[in-house]
Amino acid sequence: MSDLVINDDTCIALTVMWMIRIGTRGSQLALWQARDLQSQLAAKSINSELVIIKTKGDQIQNLTFDKIEGKGFFTKEIEDALLANEVDVAVHSLKDLPTQMISGLVLAGLSQRASPADILISSKSVHDPSRILRLKSGTRIGTSSIRRQVQIQHFDTEVEILPVRGNVPTRIGKIDNGEVDAVVLAAAGVERLDIDLSNYNQLKFNPIEFVPAPAQGVIGYQCRTEDTVTRSIIAGIHNADTARCTNVERDILRLLDGGCQLPLGAYVHSDYAGNFHCYTMLGTTLGSPINHFQCSWSTASGLSEHIVKHLKPN
């Protein structure tokens with residue numbers, strides 16, 4: 001992260017002559033994230049505008065992630081706009097951002113972490129409190145995440161998993177139109193959009209048991225390396241506590257050379273003494289055993305390597 005610090009003179013100059021262009025996807029959740037950054041900038045008397053960019057992941061809705069070539073399904077086009085000086089800051093769900101940064105770009109700041117957990121939202125008609133997922137045998141659960149798929153099947157082999165795509169309201173809507181009986185989503189997105197779930201049953205998973213994607217619940221702010229003024233501004237809203245834990249999670253992903261298709265879960269939190277508590281899972285294919293590993297560590301040094309050695313010993 002940048003060590004640059006914005007000062008009052010810079011703020012005054014930016015208020016008068018600077019407009020920060022924020023690159024974002026156009027979904028409701030992406031716009032919420034971009035507007036949240038706008039409000040933080042406005043609190044510093046800095047003007048900004050949103051530039052909506054369509055990504056490959058937005059344009060290709062008929063394929064699951066494993067059928068789309070490459071990485072960065074939801075980030076590449078926004079990063080291209082940054083490099084072309086069409087925007088000044090790119091706002092990403094950090095879990096979507098590849099760990100290998102494109103030359104010329106830098107991750108300049110992170111938001112405070114919202115809930116890292118996944119949430120299971122289901123029709124009330126399939127509720128069965130006697131079962132571990134509280135769903136009847138044969139319930140159709142929609143998710144295109146291989147990480148979620150392997151964990152769902154780990155807990156209940158009698159449900160049916162169907163691939164679904166779309167933004168948060170669209171996926172919930174698939175319960176209403178009968179395409180699926182339930183969906184699994186990131187709780188942070190549901191909570192940020194303040195979606196009314198009163199017509200559904202909900203099961204919010206414990207992230208140490210149903211392990212989330214690395215950096216789930218965190219917003220990342222990306223800038224051009226050479227743009228020291230914008231980097232300085234973003235450094236002023238960067239959450240260092242978030243970074244301590246998500247740096248470990250993303251380093252595990254990097255060491256495993258993973259992307260959206262890798263069934264990896266990683267959740268790290270730190271206690272009042274600064275110790276790290278890590279919960280991870282790695283699957284292979286649907287129906288195969290999951291390798292779980294958890295540990296506590298006093299420093300980030302060597303931690304991700306230690307975890308990867310146990311997650312993937314061969």
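Me: Contact means heavy atoms within 4.5 Å. Which residues does Leu197 touch, not counting residues up to four places away in sequence?

Reply: Leu197 touches Ile119, Ile121, Ile172, Val190 and Gln202. This is a predicted model: local features need pLDDT of at least 70, side-chain atom pairs count only at pLDDT 80 or more, and totals for chains, interfaces and linings use all residues. Residues are numbered from 1 along each chain as its sequence is written, and side-chain values use heavy atoms, with hydrogens and water left out.

Me: Why is Leu197 called buried?

Reply: Buried means under 20% relative accessible area (exposed is over 50%, partly exposed in between; 1.4 Å probe, protein chains only). Leu197 has 8% relative accessibility, so it counts as buried.

Me: Where is Leu197, and how far is it from Ile121 in sequence and in space?

Reply: Leu197 is placed in the loop between α7 (187-192) and β9. Helices (H or I, at least four residues) and strands (E, at least two) are DSSP runs, numbered from the N terminus. Leu197 and Ile121 are 76 residues apart in sequence. From C-alpha to C-alpha they are 8.1 Å apart.

Me: How many helices and strands does the chain have, and what share of its residues is buried?

Reply: The chain has ten helices and 13 strands. Of its 314 residues, 52% are buried. Among contacts with a separation of 6 or more, 67% join residues 24 or more positions apart.

Me: What makes the link between Ser93 and Gln33 a polar contact?

Reply: A polar contact is a pair of N or O atoms within 3.5 Å (within protein, one must be able to donate a hydrogen and the other to accept it, and residues adjacent in sequence count only if both atoms are side-chain atoms). The side chains of Ser93 and Gln33 are joined at 3.1 Å. Ser93 is in strand β3 (residues 89-93). Beyond its neighbours within four places in sequence, Ser93 is in contact with Gln33 and Val218.

Me: Is Ser93 buried or exposed, and how do you know?

Reply: Ser93 is buried, because its relative accessible area is 17%.

Me: How many disulfides are there, and what rules out Cys245?

Reply: A disulfide is a pair of cysteine sulfur atoms within 2.5 Å. The count by this rule is zero. Cys245 is in no disulfide, with the nearest cysteine sulfur, that of Cys278, 8.1 Å away. Cys245 is buried, at 7% relative accessible area.

Me: What makes a nonpolar core, and which residues have the most contacts inside the largest one?

Reply: A nonpolar core is a set of buried Ala, Val, Leu, Ile, Met, Phe, Trp, Tyr and Cys residues joined through side-chain atoms within 4.5 Å. The largest has 17 residues. Those with the most contacts inside it are Ile252, Leu256, Leu264, Cys278, Leu303, Ile307 and Leu311. Two or more residues each come from α9 (240-255), β11, β12 (276-282), β13 (291-297) and α10 (303-311). A second, separate core has 16 residues, including Leu41, Val89, Ala108 and Ile233.

Me: Why are the buried residues of α10 said to line one face of the helix?

Reply: The buried residues of α10 are Leu303, Ser304, Ile307, Val308 and Leu311. Seen down the axis of α10, they fall within an arc of 125° (taken over the directions from the helix axis to the C-beta atoms), so they line one face. What covers these residues includes α9, β11, β12 and β13.

Me: Where is Val268, and why is it called buried?

Reply: Val268 is in strand β11 (residues 264-270). Its relative accessibility is 1%, so it is buried. Leaving out residues up to four places away in sequence, Val268 touches Arg113, Cys245, Val248, Glu249, Phe276, His277 and Cys278.

Me: How do you know whether Arg134 and Ala215 are buried or partly exposed?

Reply: Arg134 has 39% relative accessibility, so it counts as partly exposed. Ala215 has 0%, so it counts as buried.
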